[in-house]
Amino acid sequence: MSFITRTARLVAWTGLTAAGAIHAVWASGSSWPERNHKRLSEAVVGNGKQLPDAQATMVVSGLAFAGGAVAAGGLGEGKFIVGVRRIAGLALIARAAFGGAAALNVLGLDEPGKRFEELDRRYYRPAFGILGAAMLLGAKDSKKRAAKLTLKREGR
């Protein structure tokens, strides 16, 4: 596996695992790093009125942890998992390209406020773009690896 692929997988695993951890913290009832739930809601879902419930937040946490495992290669190099990596990478890049307002709209949430839009522009969109690119780069080597394994099995 190339240095770029290994690095991309590490970046994707780190980012997705961190996202899973922070969502688990929020699902437990914490408003960290904000001082209260209203400010957290403004920062993550665009307004101070709608904060997802603990179950929805835990589902996001679980998906992020699973994404981290897929990104890291923990579920193997099969065609299906490589496809999952690619689809996840494209979804993350789409989130970066279309922005948080579009994501909130898809989720049926209200229009975001200025604070969310600023955080999205500065932090969220770039993070989604980096994670998406890392997922795609981490999926890149799978055909070469499969070809090498085939050659080894055939004794070449």
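## Close-up views of a predicted helical model

**View 1. Asp 120 and Arg 95 form a salt bridge between two helices.** The closest N and O atoms of Asp 120 and Arg 95 are 2.7 Å apart, a salt bridge being a side-chain nitrogen of Lys or Arg within 4 Å of a carboxyl oxygen of Asp or Glu. The pair links distant parts of the chain, with Asp 120 in helix α5 and Arg 95 in helix α4 (residues 79-106), 25 residues apart; helices (H or I, at least four residues) and strands (E, at least two) are DSSP runs, numbered from the N terminus. Asp 120 counts as buried at 5% relative accessibility, and Arg 95 is buried with a relative accessible area of 15%, where buried means under 20% relative accessible area, exposed over 50% and partly exposed in between (1.4 Å probe, protein chains only). The model is a predicted one, in which local features need pLDDT of at least 70 and side-chain atom pairs count only at pLDDT 80 or more, while totals for chains, interfaces and linings use all residues. Residues are numbered from 1 along each chain as its sequence is written, and side-chain values use heavy atoms, with hydrogens and water left out.

**View 2. The protein as a whole holds six helices and zero strands.** From the N terminus on, its elements run α-α-α-α-α-α, and its C-alpha atoms fill a box of roughly 65 × 30 × 25 Å, taken along the principal axes. Of the 156 residues in the protein, 30% are buried. The accessible surface comes to about 9,500 Å², of which 66% belongs to carbon and sulfur atoms, as given by the Shrake-Rupley method with a 1.4 Å probe, and for residues only the protein chains shown count as cover.

**View 3. Glu 34 and Arg 115 form a salt bridge.** The closest N and O atoms of this pair are 2.5 Å apart. Glu 34 lies in the loop between α1 and α2 and Arg 115 in helix α5, so the pair ties together parts that are 81 residues apart in sequence. Glu 34 is buried, with a relative accessible area of 18%, whereas Arg 115 is partly exposed, at 26%. The count of salt bridges in the model comes to nine, and another of them joins Lys 38 to Glu 42, with the closest N and O atoms 3.5 Å apart. Being four residues apart in helix α2, Lys 38 and Glu 42 are separated by about one helical turn.

**View 4. Arg 9 is linked with Glu 77 and Arg 85 in a network of salt bridges.** Arg 9 lies in helix α1 (residues 3-27) and is buried, with a relative accessible area of 6%. Not counting residues up to four places away in sequence, Arg 9 touches Met 1, Ala 71, Ala 72, Gly 73, Glu 77, Arg 85 and Gly 138, contact meaning heavy atoms within 4.5 Å.

**View 5. The largest nonpolar core is made up of eight residues.** These are Ala 8, Ala 12, Leu 16, Ala 71, Leu 92, Leu 131, Ala 134 and Met 135, a nonpolar core being a set of buried Ala, Val, Leu, Ile, Met, Phe, Trp, Tyr and Cys residues joined through side-chain atoms within 4.5 Å. Helices α1 and α5 (114-139) each supply at least two residues of this core. Leaving aside its neighbours within four places in sequence, Ala 71 is in contact with Arg 9, Ala 12, Trp 13, Leu 16, Arg 85 and Met 135.

**View 6. Gly 20 lies in helix α1 and counts as buried at 0% relative accessibility.** The C-alpha atoms of Gly 20 and Ala 64 are separated by 4.7 Å, although the two residues are 44 residues apart along the chain. Leaving aside neighbours within four places in sequence, Gly 20 is in contact with Ser 61, Ala 64 and Phe 65.

**View 7. The structure holds one aromatic pair.** The rings of Phe 116 and Tyr 124 have their centres 5.7 Å apart and their planes at 50 degrees, so the pair is tilted; rings of Phe, Tyr and Trp (its six-membered ring) pair if their centres lie within 6.5 Å, with planes under 30 degrees apart counted as stacked, over 60 as edge-to-face and the rest as tilted. Phe 116 is buried, with a relative accessible area of 3%, whereas Tyr 124 counts as partly exposed at 21% relative accessibility.
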